[in-house]
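Biologist: I would like to go through this model term by term. Please set each value against its definition before you conclude anything.

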Amino acid sequence: MALLRLPALRWLILVNLALSSCWDAHSFAVPVIGHVRGMSASAIGLVLGSFAAAATVVRLLIGRFADRLDERAALRAAMALATATCLVYAYLPGAVGMMLGSAALGLALGSVQPMILAMLHRVTPSDRHGEALGVRMLATNAATIVMPLGFGVLAAATVPWAPMWLMAALVLMAQVPASRIQARPGH
């Protein structure tokens, strides 16, 4: 709990929760939206695969540019792309439109996790990195348990793409804590 007294770590955990929940929302919403639209299981798989491929490609490429990136600015740009994609996802036409939207979301969400991990090391004391990683994983895994249930209730009570709209709102609100993340002096 002492680690959570570090404001930058708290902000970073909140941002991480919003972004990892966005990943979960996408994994939940694609099959639901695809079913509502009458898409085949293969088409739904291609949509999910385009997300995974984009997330993988961006993680492979980010190492080439990591030393030239302003992590906070790149994080906030990825969050803006994720917000916009979640907002328009319901209106993307057919499997190809959903594949392109999924790829855009994969690029955004795939790029942020390496940056969050790097920032986590900058905002915590060096002798507490392991604990900070544990706190991050605890929060992320707790959200992974709770969020899909919430997404199911929300989609059943409203419209199938409501979880994506919810995530657009949450990631947009997470821009505030993202703007407050500052590295510890000397990092």
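Biologist: In which helix is the place of A73?

Modeller: A73 has its place in helix α3, residues 71-88. Helices here are DSSP runs of H or I with at least four residues, and strands are runs of E with at least two, numbered from the N terminus. This is a predicted model, in which local features need pLDDT of at least 70 and side-chain atom pairs count only at pLDDT 80 or more, while totals for chains, interfaces and linings use all residues. Residues are numbered from 1 along each chain as its sequence is written, and side-chain values use heavy atoms, with hydrogens and water left out.

Biologist: Why is A73 called partly exposed?

Modeller: Buried means under 20% relative accessible area, exposed means over 50%, and partly exposed lies in between (1.4 Å probe, protein chains only). A73 has a relative accessible area of 42%, so A73 is partly exposed.

Biologist: What makes M98 buried?

Modeller: M98 lies in helix α4 and has a relative accessible area of 0%, so M98 counts as buried. M98 touches V30, I33, G34, R37, M39, V47, Y89, L92 and P93, leaving out residues up to four places away in sequence; contact means heavy atoms within 4.5 Å. The C-alpha atoms of M98 and I33 are separated by 9.6 Å, although these residues are 65 apart along the chain.

Biologist: How do you know whether S111 is buried or exposed?

Modeller: The value for S111 is 9% relative accessibility, and therefore S111 counts as buried. S111 is also in helix α4. Beyond residues up to four places away in sequence, S111 touches V58, I62, A78 and G106.

Biologist: And why is R122 called partly exposed?

Modeller: R122, another residue of helix α4, has a relative accessible area of 32%, so R122 is partly exposed. The C-alpha atoms of R122 and A8 are 9.4 Å apart, and the two residues are 114 apart along the chain.

Biologist: Why is the pair of W23 and F51 called edge-to-face?

Modeller: A pair of aromatic rings is described by the distance of the centres and the angle of the planes. Rings of Phe, Tyr and Trp (its six-membered ring) pair if their centres lie within 6.5 Å; planes under 30 degrees apart count as stacked, over 60 as edge-to-face and the rest as tilted. A search of the whole structure finds four aromatic pairs. In the pair of W23 and F51, the ring centres are 4.8 Å apart and the planes stand at 90°, so the pair is edge-to-face. W23 lies in helix α1 (residues 7-36) and F51 in helix α2 (residues 41-65), so the pair ties together parts that are 28 residues apart in sequence. W23 has 26% relative accessibility and so counts as partly exposed, while F51 has 4% and counts as buried.

Biologist: Which residues of α2 are buried, and what do they pack against?

Modeller: The buried residues of α2 are A43, I44, V47, S50, F51, A54, A55, V58 and I62. They pack against α1 and α4 (94-123).

Biologist: What makes α5 oblique to α6?

Modeller: Helix α5 (residues 129-157) and helix α6 (residues 162-173) pack at about 120°, with axes 8 Å apart. Angles under 35 degrees count as roughly parallel, over 145 as roughly antiparallel, 65 to 115 as roughly perpendicular and the rest as oblique. The angle therefore makes α5 oblique to α6. In this packing, M147, F151, L154 and A155 in α5 meet A162, P163, L166 and M167 in α6. The axes are lines fitted to C-alpha atoms, for helices over the stretch in contact, and angles run from 0 to 180 degrees between N-to-C directions.
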